[in-house]
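Please look over the sequence and the model before reading on. The paragraphs below go through helix packing, a cavity and some backbone details.

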Amino acid sequence: MQLRFTPEEEAFRSELREFFTTAVPEEIRNRCETGELIYPDDVVATTRILNEKGLAVPHWPVEWGGQDWTPVQHHIFREEMALNFVPDQLPFNAGMVGPVIAHFGSQEQKEEFLPKTANLDIWWCQGFSEPEAGSDLASLKTRAVRDGDEYVINGQKTWTTLGQFADWIFCLVRTDPDVKKQAGISFVVFPMDTPGVELRPIELIDGSYEVNEVFFNDVRVPVANLIGEENQGWTIAKFLLGNERSGIARVGWTKTKLAKAKRLAAETPRAGGGTMLDDPLFAARLAGLENELLALEVTQLRVVASSADGKPNPASSLLKLRGSQLQQEALELLTDLAGPASLPVAPVDPEAELEAALTPDWARHSVPEYLNYRKVTIYGGSSEVQRQIIDKAVLGL
């Protein structure tokens, strides 16, 4: 393959960069860069700007707002969004339920949900994981019992990200308990304000509120809200998870973090004189990460080029595995650079209060972001799962 972009691809990149830096408000991009996005407002505003330009859901079918782009153009689109600090599209809408409805939904469901999903008129959340069904998702116990033209749903979901903002939930439920566990699952959607739905927040290790538990107590959902056929949910779930892993390496995002680390290291004094960028151990560590990221980017381009036929490539598990590790290593580098300033300390006297006020925002944010990103080697298929896929589907072991 050619490791250089064509003149047409470079022109495409320039066009995207011009749009992102002029159409998306600078204050939103600044908040994205510093990790201070206002939810849900900044995500909704950005999505609607992109959607007006036809860029909210470029990977969807063209008839529902997608773009007839090459895989390389899709790669460039994701990278330029990251490099210009454009907030990510809400993954539950753009990467999960939208493609599912476009592929498995009825014509009526497509017309009802897809335009609203692309424009974020509906904010979706995901009801998959359960307390005893995370990595072993097929063991889920949430039941949906048919009662005339409705399902009656009882059970619990957990780790429901951003569910506090959601209008609707897409949910895996067990509709047939008497067959092999993968065979008795269905995919249903319903509003979060349906009677019997209860949302409870989960406080994370960094003190933030991002995920939730969701309880269902005799929730009645029309059978018309079934996506695809009854007991087809496992097939749909595999399709959805394949879409979730698209672009999950986040090479562009990690590039911005390493560039930030290099800039800040050049401004941070080190013991003995000079800056942290002059420290041979720190410089070697930074250079090593940059080389690893370059190798990952080349691998990603190879996978993209070999996926031109639209078929999934099991080598994408390599991207997910190493990409998530590099995201964590980049944040660890920033946290180490911040040093003691990264630790939140409650002021106990005026001098300490002044010291806390003088601590740079980036340093104070480094540990919460580092802790939050421990999740990336778990979601979308844990690192252990990715290694199993690589063993069997890539190496043939």
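Which residues in H5 meet which residues in H6? Asn93, Val97, Gly98, Ile101 and Ala102 in H5 meet Gln109, Lys110, Phe113, Leu114 and Thr117 in H6, where contact means heavy atoms within 4.5 Å. By class, the residues of this contact are five nonpolar, four polar and one charged. Ala, Val, Leu, Ile, Met, Phe, Trp, Tyr, Cys and Pro count as nonpolar, Asp, Glu, Lys and Arg as charged, and the others, Gly among them, as polar.

This is a predicted model, in which local features need pLDDT of at least 70 and side-chain atom pairs count only at pLDDT 80 or more, while totals for chains, interfaces and linings use all residues. Residues are numbered from 1 along each chain as its sequence is written, and side-chain values use heavy atoms, with hydrogens and water left out. Helices (H or I, at least four residues) and strands (E, at least two) are DSSP runs, numbered from the N terminus.

Two packed helices are described by the angle between their axes and the distance between the axes. Axes are lines fitted to C-alpha atoms, for helices over the stretch in contact, and angles run from 0 to 180 degrees between N-to-C directions. For H5 (residues 91-104) and H6 (residues 107-118), the axes come within 9 Å and cross at roughly 165°. H5 and H6 are therefore roughly antiparallel to each other; angles under 35 degrees count as roughly parallel, over 145 as roughly antiparallel, 65 to 115 as roughly perpendicular and the rest as oblique. The crossing of H5 past H6 is left-handed, that is, the near helix is turned anticlockwise from the far one by less than a right angle.

H5 and H6 each also supply at least two residues of the lining of the largest cavity. A cavity is a set of points on a 1 Å grid over the protein atoms alone where a 1.4 Å probe fits but cannot get out, and lining residues have an atom within 4 Å of a point. The whole structure holds one cavity of 30 Å³ or more. The largest cavity contains about 50 Å³ of space; grid points are joined across faces, edges and corners, and a volume is the space filled by probe spheres set on the points. Among its lining residues are Asn93 and Thr117, both of which also take part in the contact of H5 with H6.

The contact of H9 with H10 has 11 nonpolar, four polar and six charged residues.

Two backbone details remain. The peptide bond from Tyr39 to Pro40 is cis, with omega near 0°, and Pro40 lies in the loop between H2 (26-34) and H3 (41-52). Asp218, a residue other than glycine, has a positive phi near 55° and is placed in strand E7 (residues 209-222).

Notes. 1 Å grid on protein atoms, 1.4 Å probe; cavity = no way out; pocket = protein on both sides within 12 Å on 5 of 7 lines; lining within 4 Å.
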